[in-house]
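Please open the structure in a viewer and keep the selection tool at hand.

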Amino acid sequence: MRITTLMLDRSIAKTGLPIQRSSLLDYLNNTASDNTLLSALGKSGSAGSSLSKKNYEKLKDAADTLGDQTGALTAEGRDAIFEKLKNDGDREELNNTVEKLVSSYNSTMDSLLSTNNTLNIYYYQMMGEMATESKDELASIGIQVGKDGKLSIDKEKFEAADIESIEKVLGASGSFTQKADFLAGRIASNAKANVESLSTQYNSSGSSYAEILSRYDVRR
């Protein structure tokens, strides 16, 4: 299916993410024949396919973890992190969640580049620009954005930030976490589709890679 600017814009606009106008979409469409889910498989053989599958599995895990953390931070109700924090004052869960958020955000960015997929490069670009646009807000609570768009925590500054300020940036009304949650879902879905596609491909002798891998399943 040909990916159009309108298709991407409609989805992106719903979250308030910046709509790109670079040549990346043109490149994506113009090289569609070289950027199918299975292109790497056809060019690199079984070894390359196995590596690609592992990269996509790693990407899916990272994006899923990122989605778990953004979901936890934006959750509302009695059992939500910020609501419990207001009642008992224990910041341990919040600190752990934010640390995992930063780690999974960076892991997702690294994994996006490891797949050699144009759509993932586009997602990588969006994540970097999204973090940069929220740079000042994140810095106000001790989360730094590097030149490469990756995050780091100044633990002393973060722990000194008041809960209301942290919730404003990372809670349900925070634009950064909402956008990150949206992208994490899209990235994980795309990675899952690639894993499933690569798992059902056949090598030159007619055996599927999933079948071959099953022979070495130590749990059997």
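Read from the N terminus, their order is α-α-α-α-α-α-α-β-β-α-α-α-α. This is a predicted model, in which local features need pLDDT of at least 70 and side-chain atom pairs count only at pLDDT 80 or more, while totals for chains, interfaces and linings use all residues. Residues are numbered from 1 along each chain as its sequence is written, and side-chain values use heavy atoms, with hydrogens and water left out.

Next, display the surface. The chain exposes about 12000 Å², of which carbon and sulfur atoms supply 48%; the areas come from the Shrake-Rupley method with a 1.4 Å probe.

Now select helix H5 (residues 92-114) and helix H6 (residues 118-133), whose axes, lines fitted to C-alpha atoms over the stretch in contact, come within 8 Å and cross at roughly 150 degrees between N-to-C directions, on a scale from 0 to 180 degrees. H5 and H6 are therefore roughly antiparallel to each other, a term for angles over 145 degrees.

Show the side chains at this crossing. On H5, select Tyr105, Thr108, Met109, Leu112 and Leu113; they make the contact (heavy atoms within 4.5 Å) with Asn120, Tyr123, Tyr124, Met127, Gly128, Met130 and Ala131 of H6. Coloured by class, the contact shows 9 nonpolar, 3 polar and no charged residues, with Gly counted as polar and Ala, Leu, Met and Tyr among the nonpolar ones.

Note on methods. Helices (H or I, at least four residues) and strands (E, at least two) are DSSP runs, numbered from the N terminus. Angles under 35 degrees count as roughly parallel, over 145 as roughly antiparallel, 65 to 115 as roughly perpendicular and the rest as oblique.
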